[in-house]
Amino acid sequence: MIDWLLQRITDGLGGKYPREFINFANYFKEAQEEIENFEDNCLISGMAVKKAFSKVSEVKCDTYLSEFPKLRKHFDRFKGKRYSSI
């Protein structure tokens, strides 16, 4: 699971940053508290991680667009789309 998480916080240049991992962990903790049930005695369910991944993506895009607002129209083309292998 840790390898999967690390792959999801890796940026386009291969960088892995603690802040991204901390944000991801905070979001899946919040999602797990909302779900309130656990799968096979796991601390964090797959559904919580999946929900957190969507939140992390939104926050990353918003952060990036705050620095490069001219790219918003390009990002908007992907709004509402889902990556099918998650």
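User: What makes the contact between Glu33 and Lys29 a salt bridge?

Analyst: A salt bridge is a side-chain nitrogen of Lys or Arg within 4 Å of a carboxyl oxygen of Asp or Glu, and the side chains of Glu33 and Lys29 meet at 2.8 Å, N to O, so the pair qualifies. This is a predicted model, in which local features need pLDDT of at least 70 and side-chain atom pairs count only at pLDDT 80 or more, while totals for chains, interfaces and linings use all residues. Residues are numbered from 1 along each chain as its sequence is written, and side-chain values use heavy atoms, with hydrogens and water left out.

User: Why is Glu33 called partly exposed?

Analyst: Its relative accessible area is 48%, and partly exposed lies between buried (under 20%) and exposed (over 50%), with a 1.4 Å probe and protein chains only; Lys29, at 45%, is partly exposed as well.

User: Why is the pair of Phe24 and Phe28 called edge-to-face?

Analyst: Rings of Phe, Tyr and Trp (its six-membered ring) pair if their centres lie within 6.5 Å, and planes under 30 degrees apart count as stacked, over 60 as edge-to-face and the rest as tilted. The centres of Phe24 and Phe28 are 5.7 Å apart with planes at 65°, so the pair is edge-to-face. By contrast, Tyr64 and Phe68 form a tilted pair, with 4.8 Å between centres and 40° between planes.

User: What makes Lys55 a charge over the ring of Tyr27?

Analyst: The rule asks for NZ of Lys or CZ of Arg within 6 Å of the ring centre and within 35 degrees of the ring normal; the charged end of Lys55 sits over the ring of Tyr27, 5.8 Å from its centre.
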